[in-house]
Amino acid sequence: MASTPSPRTAATTLQNSLLSSSSSSINHNKPSNLSFLHASSNSSSLKLVHSVSASFSPSNSSSTICNVLKTVESADISFSNARDLDGVVSIPKPIILVSEKLGEAGLDLLRSFGNVDCSYDLSPQDLCAKISLCDALIVRSGTKVTRQVFEAAQGRLKVVGRAGVGIDNVDLQAATEFGCLVVNAPTANTIAAAEHGIALLTSMARNVAQADASMKAGKWLRSKYVGVSLVGKTLAVMGFGKVGSEVARRAKGLGMHVIAHDPYAPADRARAIGVDLVSFEQAIATADFVSLHMPLTPATKKVFNDDTFAKMKKGVRLINVARGGVIDEDALVRALDSGIVAQAALDVFTVEPPPKDSKLVQHENVTVTPHLGASTKEAQEGVAIEIAEAVVGALNGELSATAVNAPMVPPEVLSELAPYVVLAEKLGRLAVQLVTGGSGIQNVKVVYKSARDPDSLDTRLLRAMVTKGIIEPISDTIINLVNADFSAKQKGLRISEERVIVDSSPEYPVETIQVQISNVQSRFASALSENGNISIEGKVKYGVPHLTRVGSFSVDVSLEGNLILCKQVDQPGMIGEVGNILGESNVNVSFMSVGRTVKRKQAIMAIGVDEEPNKDTQKKIGEVSAIEEFVFLKL
């Protein structure tokens, strides 16, 4: 007879979902042994209690309380050994290891709080040997903070600070498992990156790098290096976040017409600096210059490929100071050779450093720099201060807004909410895929139907997961319970909630969850409700999340795998016809459900599939005469 899992064991899978990115993302975090200690009712601050645990598994499932008691016990021992001659307790300062160069302003701040050990160019073995004596570690991109590092820390390491934005070199899963907070410094590089983008744009337009190399080779080729003017040209800013918006401001000052694409950018913020928000297709089709400022996610990986370049204006010029992986570099070489792309200016590459024989780097119409976007003295000092403040705050028990992993939620709460949390994220993920057009997502409403008293239903976790589902597919922001509201606010996303009491069993925390997105266009018109909002609804059945309503149509499908939604004429043979098309393409169907409003009128067919149908298969589905519209959605 199988044993019943404990609340902590049952909650493990859910905690992975709470802390990690989407299933298609490279980040998969595990439960943290960091827990909130709420202040008294007259205080609004939150403190972190760091509990030490060597590992986290069903066989080692001692409670957080036990870990806290161990921490207190060890602290008492330390205090007793730290009394000076007068009997006064002297608490030792934390040890902060800095493994890569950091600006003096940041080091001064760290030294005022703890003992700082600046040990650069450590081998992995040396880092593991040192780390068990350290409370905090600060790195840039060169130091790999692997699982072995966290294991070697033996529970002492409380915070890892990444001096910069990307956290690819930190094993978030291991950090969370071993109860270590990870923070980064995402804002200090903004101006430097924007300025470098403008520098590449202007130098590319006037062939500065090529002309410089020519003159140093003893040549004088004025006629060869005739450039193009920027005044009156259209610049498409792809990604209108902090850096993208600063590039837009500067380009406006150069007399350029600026358009932008970003599904989350507030239209009023864009209008305030004279920028028009447009769709992705409109941006690439009309721009003379395209400047990339989008994150690297599964949705944006190689988004600039052969198909994208084919839709661009012939002679377009491309700038990238964001992430190398958003461009298919082989496709860019082909576009350059054919003249579709006249020139490119690149600061980032898929592999860094790129191979010495890279055709892209060696191309005569390409200007390159070795990832210098953040490399100004001012930016380096700003990053140093920002990461030092975040690390000191974490060591003081405060939780930084730049934390990229989350504290432990009580296992009993996770056990009850487990399937609803998965449902909430998947509804958010479905809803954002239904959005199209260039207006951007600004207003999201989440409606919970429950038999419980609204005051007894804590929806913060569910709201965070809806936010996670909406933001993560097209963003490099890692969303968790800690940063969900902050991240939504930063992206101009207003999320409101409504609790509706229904006559059902209070044994279950939630009857249904509904996600509405207002003031947007939909890729699937049938997902629009009577008031014009994208509206989808789901519930948990037998422990499994199900989609129960799309717009005004009732459906009943398990939210597993991928989903095809078809609006069709309600007539016999539709399931078989579409099923045959999928079967001929070796696409496995896991379930089908049909919902209709009136018999023999219109219906919604929901089809679960294990694989993504190719373009030809989707085209065949669209050509079925009785199908009015369809959409493929990834879960």
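Let's start with helix α17 (residues 460–471): its twelve residues reach 16 Å from first C-alpha to last, close to the 16 Å expected at 1.5 Å a residue. That expected span is 1.5 Å times one less than the number of residues. Helices (H or I, at least four residues) and strands (E, at least two) are DSSP runs, numbered from the N terminus.

Keep in mind that this is a predicted model, where local features need pLDDT of at least 70 and side-chain atom pairs count only at pLDDT 80 or more, while totals for chains, interfaces and linings use all residues. Residues are numbered from 1 along each chain as its sequence is written, and side-chain values use heavy atoms, with hydrogens and water left out. As for pLDDT, the predictor's confidence in each residue from 0 to 100, the chain's mean is 83, and 84% of its residues reach 70 or more. Over residues 1–85, though, the pLDDT is below 50.

Buried means under 20% relative accessible area, with exposed over 50% and partly exposed in between (1.4 Å probe, protein chains only). Among the buried ones are L461, R463, K468 and I471.

Now for the sheet. Six strands form an open sheet in the order β17-β16-β18-β20-β21-β22, with mixed pairing. At the edges stand β17 (494–501) and β22 (553–558), each with a single partner strand, so one side of each has no neighbour in the sheet. From one strand to the next, the twist averages 20 degrees. α17 packs on this sheet, touching β16, β17 and β18, and its direction makes about 140 degrees with that of β16. Those angles run from 0 to 180 degrees between N-to-C directions, using axes fitted to C-alpha atoms, for helices over the stretch in contact.

Strand β16 (residues 443–450) is joined to β18 (residues 512–518) by seven bridges, and these two run antiparallel. β16 and β17 instead pair in the parallel sense, over eight bridges. Two strands count as paired if DSSP finds at least two bridges between them. Here are some facing residues:

| Residue | Faces | In strand |
|---|---|---|
| V447 | Q514 | β18 |
| K449 | T512 | β18 |
| V444 | I495 | β17 |

Elsewhere, L563 is in contact (heavy atoms within 4.5 Å) with residues including L430, L547 and F591.

Technical notes
Lists of a residue's contacts leave out its neighbours within four places in sequence.
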